[in-house]
Amino acid sequence: MSESASKKLLSFPKSAFLLAIALVCLGLGISAAYIFSTLFAFRDKYLENSGHEIASSIDLRTRGPNRRLDIALWQEVLDDTLSRQPQRIVYILLTDQTGKVLAQAGKVGDEVSTTRETYVNRNGVSLFLFQESVPVLQHPESAIPSGQWTIHLGLYTAPASFITRQAYIYLMVVCLAILSMILLALYFLKMLRRFLALKAVEESQSRLASLGKMAATLAHEIRNPLGAMKGLSQVVQEELPKEHSTQPLLQTVITEAERLEQLVTDLLNFARFKAPLLQQFDLQNLLAEVIATLRANPDQTFPAIKLHTSEAAILMDSDEANVKQVLWNVISNAVEAAPHAESIQISVILDKRNAQAVIHIDDEGPGIGSQDPEELFQPFATTKLKGSGLGLAISRQLIEQLGGTITLGNRSLVGARCTIRLPLSAPQKQTAMPKVFALSRS
């Protein structure tokens with residue numbers, strides 16, 4: 001990706017994007033609410049038209065000379081209409097202008113109302129009440145008064161349920177669309193943030209790769225003259241009498257040269273990729289060997305080391321030399337952190353479920369305080385006056401090449417804990433490159 005494209009992504013208007021998504025969702029919600037209410041109004045209109053149709057049919061069948069005033073005819077028409085459409089009609093009722101019931105068909109409940117187009121509920125069944133007025137002229141020989149008679153209909157709302165189903169389906173689809181749009185927008189922003197973070201890491205690693213190349217080149221160039229300076233100083237030191245006044249100065253030169261030599265070696269080890277050499281070894285024997293080697297240093301104040309394990313042996317298929325170097329680095333750090341402590345606790349646990357060996361190394365030093373432990377794994381990050389700051393960085397690099405992890409943290413009371421997790425069988429193929437060269441060699 002070009003630099004201009006990266007700048008465009010970095011300046012992506014997230015607030016405007018979220019506002020646009022919110023407005024679109026709001027518009028969809030308002031539209032869904034409007035269409036939902038419109039469909040329910042259409043359902044009412046559908047039931048009203050059904051009532052008009054039934055009432056008009058009854059009115060048409062009772063027209064004619066002397067037919068309006070024939071209550072028996074009305075009763076016959078009402079019964080026939082109900083029998084023809086029992087799935088639509090609950091009851092039919094005919095009343096005069098005083099409210100007197102003249103004829104009825106079906107079971108009439110208490111829901112009869114003088115208002116039009118109302119809903120009632122009978123035993124869990126929704127009914128739509130409808131009224132239609134029909135004119136009736138008085139016959140001279142009839143005692144029935146003329147005026148406006150009313151046909152009352154109780155209709156099932158079930159025949160119109162297809163409209164309500166469509167309304168609810170539409171509302172559900174719109175809600176799902178709104179939810180999907182919100183989730184997709186959040187996912188897009190999450191992916192954008194992750195991409196930008198990866199882009200920043202990529203650029204940082206690219207710069208580190210360039211620095212790593214330069215540092216490795218300088219380290220090679222420095223090593224030869226540094227070795228010559230050290231060798232010549234040792235020769236001069238041997239030639240001069242031990243009581244000579246320059247002996248301490250020469251010893252300082254040799255010591256500092258050795259320290260610089262170690263720094264160059266650490267830098268080259270960090271920058272150089274070396275495929276692990278897998279072989280079987282006993283982790284507990286390796287730990288004992290590392291501890292014995294450390295004890296052999298007469299200039300180091302060494303506290304007691306207590307090794308806790310419940311296994312007689314822990315066999316591993318891994319790179320013995322790399323694991324030994326990591327253990328050396330970590331235990332040396334623990335010794336230097338608390339040289340006057342009573343003991344350093346090392347616990348080795350066999351995690352059979354995950355096929356891992358877990359090593360806890362606890363010291364009684366000052367701990368890492370509020371500092372982020374990840375900072376200590378960065379190259380050249382150190383709390384020592386004479387440290388190179390590459391020990392933990394190299395350790396993590398070696399552990400990750402073997403498929404394991406290494407973490408740092410404070411103990412509950414005092415000191416720090418380093419936890420190393422190593423698979424009992426390291427991956428056969430190692431394709432991971434050192435971080436500083438991950439991009440430069442692609």
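The model is predicted: local features need pLDDT of at least 70, side-chain atom pairs count only at pLDDT 80 or more, and totals for chains, interfaces and linings use all residues. Residues are numbered from 1 along each chain as its sequence is written, and side-chain values use heavy atoms, leaving out hydrogens and water. Helices (H or I, at least four residues) and strands (E, at least two) are DSSP runs, numbered from the N terminus.

**The sheet**

- Five strands form an open sheet in the order β7-β9-β10-β12-β11, with mixed pairing.
- Strands count as paired if DSSP finds at least two bridges between them.
- β7 (304-309) and β11 (405-410) stand at the edges; each has a single partner strand, so one side of each has no neighbour in the sheet.
- From one strand to the next, the twist averages 15°.
- β11 and β12 (residues 416-423) run antiparallel, joined by six bridges.
- L408 stands opposite C418 in β12.

**Helices on the sheet**

- Angles run from 0 to 180 degrees between N-to-C directions, and axes are lines fitted to C-alpha atoms, for helices over the stretch in contact.
- Contact means heavy atoms within 4.5 Å.
- Helix α6 (residues 283-295) packs on the sheet and touches β7, β9 (343-351) and β10 (356-362).
- The direction of α6 makes about 180° with that of β7.
- α8 lies across β11 and β12, running at about 140° to β11.

**The α7 and α8 pair**

- The axes of α7 (residues 320-337) and α8 (residues 391-401) come within 9 Å and cross at roughly 145°.
- On the α7 side, the contact is made by N322, Q325, V326, N329 and N333.
- On the α8 side, G391, L392, I394, S395, L398 and I399 take part.
- These contact residues divide into five nonpolar, six polar and no charged.
- Here Ala, Val, Leu, Ile, Met, Phe, Trp, Tyr, Cys and Pro count as nonpolar, Asp, Glu, Lys and Arg as charged, and the others, Gly among them, as polar.

**Nonpolar cores**

- A core is a set of buried Ala, Val, Leu, Ile, Met, Phe, Trp, Tyr and Cys residues joined through side-chain atoms within 4.5 Å.
- Buried means under 20% relative accessible area, exposed over 50%, partly exposed in between (1.4 Å probe, protein chains only).
- The largest core has 39 residues; L283, L327, I331, I346 and I420 have the most contacts inside it.
- α7 gives the most to this core, with seven residues.
- Beyond its neighbours within four places in sequence, L327 is in contact with L283, L286, L287, V290, I359 and I420.
- Another core, of 25 residues, lies apart from the largest one and includes A105, L153, L155 and A160.
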